[in-house]
Amino acid sequence: QVQLVESGGGLVQPGGSLRLSCAASGRTFSSSTMGWFRQPPGKEREFVAAITWSGDYTYYADSVKGRFTISRDNAKNTVYLQMNSLKPEDTAVYYCAALRGGSLDVPNNYNGWGQGTQVTVSS
């Protein structure tokens, strides 16, 4: 099973950018579809983006489409989330995870959850 550690969060002003990283250990990383999720304060965990093992296909929640970009470097066992044009409603703890199977946007279909990284968008 893959183990994951997220980093790169912080405080940023509206309109700013951040790049999150998710470092993986475990032999299954390069063959796994990876996803980013977020959990805003007091709300359920929600799907943000996913990328197939090869990086050929990416998927985004409508709320981030055109602003966020997911990518991966299998040689470095790392998946990234580039976040641009950030909004206050993007404030959340961001998590990455590895898909076990099934729908991409369902948290229960993933495992290997890290501890998350806090992103706060505020002026």
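1. Buried here means under 20% relative accessible area, and exposed means over 50%, with partly exposed in between. Arg67, at 11% relative accessibility, therefore counts as buried. The note below concerns a predicted model, and the points that follow take up its salt bridges, its core, its strands and a few individual residues.

2. The structure holds 4 salt bridges. One of them is formed by Asp90 and Arg38, with the closest N and O atoms 2.9 Å apart. This pair links distant parts of the chain, since Asp90 belongs to the loop between β8 and β9 while Arg38 belongs to strand β4, 52 residues apart. Both Asp90 and Arg38 are buried; for Asp90 the relative accessibility is 0%.

3. Asp90 also forms a salt bridge with Arg67, where the closest N and O atoms are 2.7 Å apart. Arg67 is in the loop between β6 (58–60) and β7, and Asp90 is in the loop between β8 and β9, so this pair ties together parts that are 23 residues apart in sequence. Salt bridges link Arg38, Glu46, Arg67 and Asp90 in a network.

4. A further salt bridge joins the side chains of Lys65 and Asp62, at 3.1 Å from N to O. Asp62 counts as exposed because its relative accessibility is 66%, whereas Asp90 counts as buried at 0%.

5. The largest nonpolar core has 33 residues, and the members that touch the most others are Trp36, Val48, Phe68, Leu81, Met83 and Tyr94. Two or more residues each come from β3 (18–25), β4 (34–39), β5 (46–51), β7 (68–73), β8 (78–83), β9 (92–99) and β11 (117–121). The element that gives the most is β9, with 6 residues.

6. Leaving aside residues up to four places away in sequence, Leu81 touches Leu18, Arg19, Leu20, Trp36, Val48, Ala49, Phe68, Thr69, Ile70 and Tyr94. Among these contacts are Trp36, Val48, Phe68 and Tyr94, which are also listed among the core members that touch the most others.

7. Strand β4 is mostly covered, with 5 of its 6 residues buried. β4 runs antiparallel to β5, and 5 bridges join the two strands. Within this pairing, Trp36 has Ala49 of β5 as its bridge partner. The hairpin of β4 and β5 has 6 residues between the strands, and Gly42 takes a positive phi near 75° there.

8. β4 also pairs with β9, in the antiparallel sense and over 6 bridges. In this pairing Met34 stands opposite Ala98 of β9.

9. An open sheet is formed by 4 strands in the order β1-β3-β8-β7, with antiparallel pairing. β1 and β7 stand at the edges and have a single partner strand each, so one side of each is left without a neighbour in the sheet. On average, neighbouring strands of this sheet are turned by 15° against each other, direction ignored. Inside the sheet, β3 and β8 pair in the antiparallel sense over 6 bridges, and Arg19 stands opposite Gln82 of β8.

10. Val2 lies in the segment before β1 (3–7). The residue counts as buried because its relative accessible area is 4%, which is under the 20% limit. Apart from residues up to four places away in sequence, Val2 touches Ala24, Ser25, Thr28, Phe29, Ala98 and Gly112. One of these contacts is Ala98, the residue of β9 that stands opposite Met34. By contrast, Val2 and Arg45 are 20 Å apart in space, C-alpha to C-alpha, and 43 residues apart in sequence.

11. Asn77 has a positive phi of about 55° and lies in the loop between β7 and β8. Asn77 is partly exposed, its relative accessible area being 24%. Ser85 has a positive phi of about 50° and is found in the loop between β8 and β9. Ser85 counts as partly exposed because its relative accessibility is 39%, a value between the 20% and 50% limits.

How values were computed:
Residues numbered from 1 in each chain as written. Predicted model: local features only at pLDDT ≥ 70, side-chain atom pairs only at ≥ 80, totals over all residues. Heavy atoms only, no water. Core = buried A, V, L, I, M, F, W, Y, C linked by side-chain atoms within 4.5 Å. Buried < 20%, exposed > 50% of the residue type's maximum accessible area, 1.4 Å probe, protein only. Contact = heavy atoms within 4.5 Å. Pairing = 2+ DSSP bridges. Axes fitted to C-alpha atoms, helices over the stretch in contact; angles between N-to-C directions.
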